[in-house]
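Colleague: I have a new model on the screen. Please walk me through it, starting with a single residue.

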Amino acid sequence: MALVLFSGLGAGYAQQIDSMLNLYGERYPQEKIYVHFDKPAYNTGETMWFKSYLYAGILPSPISRNFYAELLDQNGKVLQQKIMPIYESSSSGHFDLPANLPPTVVFRAYTTWMLNFDTAFLFTKTIRILNKTVAVAPQAAPAAIPQGGTAKPAAGAKPGTATTAAASTVPTAVTLRFFPEGGDMVTGIESVVAVKVTDVYGLPVNAEGSIKDNTGATVATFSTTHDGMGRFTLEPQSGKTYVAEWTDEKKQAHKTPLPDARTTGVVLQCAPTGSRQAFIIKRSQEAPENLKTLYLLGYFNSQVVYKARLNLAQNFMVSGSIPLEGIPTGMIQMTVFDADWKPLAERIAFVNKEDYFFTSRVVPITKSTERRAKNTMVIDVPDTLRSNLSLAITDAGLTKADPDADNIVSHMLLGGDLRGYIHNPYYYFTGNDDTVRAHLDLVMLTNGWRKFKWDDLAAGKLPVIKFPRENYLSLNATLTGVLQSQVPKNTQLNVFLQAKDSSRQLFFLTMDSTGKFQQEGLVFFDTVSVFYQFNNSKHLANKAVVNFTNGTHKSASTIKPDTGWRVPMPLDTSLLNRGKYFASEADRLKVESDKKVKTLEAVTVKAKQKSKQQQMDEKYTSGLFSGGDATTFDLTDDVAAMGAYNIFSYLQGRVAGLQITTGGGGSQLQWRNATPALFLNEMPVDVSAIENIPVSDIAYVKAFRPPFFGATGGGAGGAIAIYTKKGGEGSSSTSNIGGLDKSRLTGYAMPKEFYSPDYSKETTDASLPDVRPTIYWAPYILTDKNNHKLTITFYNNDVSKRLRVVLEGMNEEGQLTRVEKIIE
């Protein structure tokens with residue numbers, strides 16, 4: 001058995017595919033998304049909170065800047081849609097759930113870059129609406145059965161897709177599917193065939209049976225060994241057909257035919273062997289010439305890691321192994337080509353180096369599940385790398401027994417690159433012994449994956465990019481009513497964007513060679529008024545009409561349903577009852593609240609005096625600058641400020657994580673390895689504009705911890721907002737700008753702050769129970785070497801006696817973390 005590197009015959013063609021594959025991986029990295037929800041199921045009237053994480057290959061994605069999220073019904077109708085900015089390869093948002101939602105909705109998330117490729121890998125999750133739960137009819141099952149199969153071999157070969165139970169002795173919703181290793185069974189060659197048995201919901205079913213040929217002779221037996229999956233070996237014989245006679249876990253009998261074997265071909269078999277990936281390749285004994293020289297490509301993350309020319313002129317079998325040094329945790333893909341570089345067989349294998357995890361700790365300091373009790377915990381990431389985390393604390397009864405449970409580790413490393421449903425995916429990362437590896441290899445055999453179009457690569461064709469990379473929002477202006485020839489070269493358009501809080505941004509847009517005006521890299525929320533005028537062009541002002549867009553993708557109102565939108569299985573009874581309890585309590589409290597509102601005139605209200613910080617915030621800030629995660633400074637009566645050289649020297653050492661250096665070359669600021677945005681009275685400015693302002697003229701300063709989405713580019717370095725003293729004068733902002741034409745533009749979905757009551761300070765009506773199902777939600781917990789510990793304080797509701805704490809996240813090198821704790 002001979003095994004050599006590429007040389008001689010086919011070397012040039014090999015180089016073409018090799019270089020094209022590497023070029024594909026470099027230019028067209030594939031993004032994948034994981035979404036952390038606060039809980040798996042919701043009542044109408046609640047808020048769905050979520051945090052998304054984006055990867056490209058094995059690292060946080062630097063590609064996309066806009067995150068698209070949609071709620072769909074099972075028919076694909078878009079019920080709600082939101083666009084949010086991406087910060088540090090992540091984004092956060094919410095959906096307020098109306099009363100008219102169907103019993104199930106599909107959460108669909110993507111970036112426009114992902115739309116250029118296989119849309120089967122967009123993130124989707126089917127979510128139950130608890131207080132409208134209805135039984136799912138078995139006849140709906142076919143849409144739920146996930147796609148499986150292996151890669152499609154050469155033209156004319158049958159893909160190794162599922163064979164369904166076309167003829168069973170008893171009508172049933174249980175399905176058996178076969179997956180020949182490498183793609184096909186071949187006559188006269190012993191092959192491994194994987195099986196997968198599932199019910200109407202796609203859940204695993206145990207089964208056992210025998211394989212019989214058309215004479216009735218038993219040629220193999222099989223049984224499921226893990227989550228409805230198993231395997232057997234079979235050497236198909238010429239002129240014979242095969243059928244599986246099997247019984248499920250309820251002892252019901254079934255018959256399912258096997259796929260036909262090919263008369264000639266190649267079989268690829270793989271087995272993990274520690275530091276190497278072993279393979280065996282067999283060809284038909286009476287093989288044509290194109291099967292006597294074969295080629296094997298091994299590739300990881302779209303980069304070639306192994307290539308070999310296989311000489312089978314004298315032998316019908318060859319074996320070898322792929323070294324795995326330098327390959328991190330993930331899936332390695334292998335493709336066998338014939339002498340003409342036509343694909344014959346494909347296989348994926350999982351490499352687990354256990355290098356994907358970083359340590360994070362959730363340490364309770366004080367804990368209590370009594371009514372409105374105070375809880376304190378410390379989030380600790382003992383690492384020097386920057387990390388990006390999200391935290392959800394919920395009633396444990398609403399989150400247990402989630403049948404579709406997935407998490408950031410299992411999705412980013414496994415589910416995000418495979419087609420079809422994977423049951424209990426995190427199990428495959430709870431250990432790395434022989435048993436777990438064998439079970440994981442069954443997943444590799446029974447699920448489809450991202451595939452290349454080999455004919456296109458061989459021809460030098462690369463994907464057509466219909467959706468270029470987005471740089472946040474754009475201010476795009478096009479002219480109508482005039483011919484392009486009538487527009488003077490370098491025409492300039494002066495544009496003011498004015499938000500609802502009257503904050504403004506000014507842009508000077510110059511026409512490009514296509515007759516358009518564009519400014520990229522903008523971040524604004526809700527809707528803004530657009531005021532504009534042409535600079536020194538009365539002709540255009542009288543003739544032209546300016547149309548503005550924000551440059552984002554416009555999704556269809558109805559999306560074609562996908563087989564990945566699984567029919568949700570029945571929920572755990574206790575979870576269902578718990579959810580209905582919260583729903584009924586919320587409805588009851590609304591009635592009670594309405595009664596109290598009607599009798600408000602008879603109530604004596606004693607208002608708590610506002611703090612000085614609250615008063616300053618109300619007096620000086622607006623919109624996204626009000627509230628928020630910020631360190632504030634009231635300089636109106638701060639003696640220390642009077643002696644400061646400038647505001648930056650005053651702030652030195654006063655804000656955790658903010659690094660300020662001052663000197664002859666001017667002040668330099670850095671926060672989380674990025675430069676903070678600067679605002680003077682909520683208008684963006686540079687360092688020099690603030691350095692020369694006397695500290696005595698400054699009233700209020702807010703240092704917003706990253707990210708600050710009110711800043712251009714997403715505010716990766718946070719922001720510092722400086723407000724000068726007003727004295728007796730009022731605000732100079734007005735609701736419009738006289739003399740300018742006006743339009744309107746939609747920005748990002750308006751963020752919503754999660755309400756977490758502080759019962760140590762707030763005076764509340766104790767007769768109205770607190771039945772918040774989500775106790776605490778923090779989508780952005782950011783740590784680095786200088787700030788790796790964060791203290792979280794929250795108060796329980798009135799009814800929860802067990803709380804579930806889930807912390808998930810990633811660091812800048814792409815490692816993942818997940819911690820789950822129960823407080824009781």
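**Arg818 and its surroundings**

Modeller: The side chain of Arg818 makes a polar contact of 3.1 Å with the side chain of Glu820. A polar contact is a pair of N or O atoms within 3.5 Å; within protein, one must be able to donate a hydrogen and the other to accept it, and residues adjacent in sequence count only if both atoms are side-chain atoms. Before going on: this is a predicted model, where local features need pLDDT of at least 70 and side-chain atom pairs count only at pLDDT 80 or more, while totals for chains, interfaces and linings use all residues. Residues are numbered from 1 along each chain as its sequence is written, and side-chain values use heavy atoms, with hydrogens and water left out.

Colleague: Is Arg818 buried or exposed?

Modeller: Arg818 counts as buried, because its relative accessibility is 16%. Buried means under 20% relative accessible area, exposed over 50%, and partly exposed in between (1.4 Å probe, protein chains only).

Colleague: What is Arg818 in contact with, leaving aside its neighbours within four places in sequence?

Modeller: Its contacts, with those neighbours left out, are Phe357, Asn407, Arg804, Val806, Leu807 and Glu808. Contact means heavy atoms within 4.5 Å.

Colleague: Where is the place of Arg818?

Modeller: In strand β45. Strands (E, at least two residues) and helices (H or I, at least four) are DSSP runs, numbered from the N terminus. Strand β45 (residues 816-823) pairs in the antiparallel sense with β44 (residues 803-811), over 8 bridges. Two strands pair if DSSP finds at least two bridges between them.

Colleague: How many residues are there between β44 and β45?

Modeller: 4, and the two strands form a hairpin. Gly814 in the turn has a positive phi of about 90 degrees. Along the pairing, Leu807 has Val819 in β45 as its bridge partner.

Colleague: Next topic, sheets. What is the order of the open sheet of 3 strands?

Modeller: The order is β31-β28-β33, with antiparallel pairing. β31 (516-522) and β33 (545-549) are the edge strands, and each pairs on one side only. Direction ignored, neighbouring strands of this sheet are turned by 15 degrees against each other on average. Such angles are taken between axes, which are lines fitted to C-alpha atoms, for helices over the stretch in contact; they run from 0 to 180 degrees between N-to-C directions.

Colleague: How many bridges does β28 have with β31?

Modeller: 5, with β28 covering residues 473-480. Asn476 stands opposite Gln518 in β31.

Colleague: What is the pairing in the open sheet of 5 strands?

Modeller: Mixed, in the order β3-β10-β9-β6-β7. β3 (41-42) and β7 (78-85) stand at the edges with a single partner strand each, so one side of each has no neighbour in the sheet. Within that sheet, β9 (residues 104-110) and β10 (residues 123-129) run antiparallel and are joined by 6 bridges. Phe107 stands opposite Lys125 in β10.

Colleague: What about loops? Where does Asp770 lie?

Modeller: In the loop between β41 (741-746) and β42 (774-783). Asp770 is buried, since its relative accessible area is 7%. Its side chain makes a polar contact of 3.0 Å with the side chain of Arg772. Beyond four places in sequence, its contacts include Arg372, Tyr759 and Asn797.

Colleague: And a helix? Where is Ser574 found?

Modeller: In helix α6 (residues 573-598). Ser574 is partly exposed, because its relative accessible area is 32%. Ser574 and Leu398 are 176 residues apart in sequence and 8.5 Å apart in space, C-alpha to C-alpha.

Colleague: Whole chain now. How many helices and strands does the chain have?

Modeller: 10 helices and 45 strands. Of the 824 residues, 53% count as buried.

Colleague: Last topic, confidence. What is the mean pLDDT of the chain?

Modeller: It is 84, and 85% of the residues reach 70 or more. pLDDT is the predictor's confidence in each residue, from 0 to 100. Confidence is lowest in strand β1 (residues 2-4), at a mean of 37, and highest in strand β15 (residues 229-234), at 98. Over residues 1-10 the pLDDT is below 50, and this stretch has 31 contacts in the model beyond near neighbours in sequence. Where pLDDT is low, the predicted coordinates should not be read in detail.
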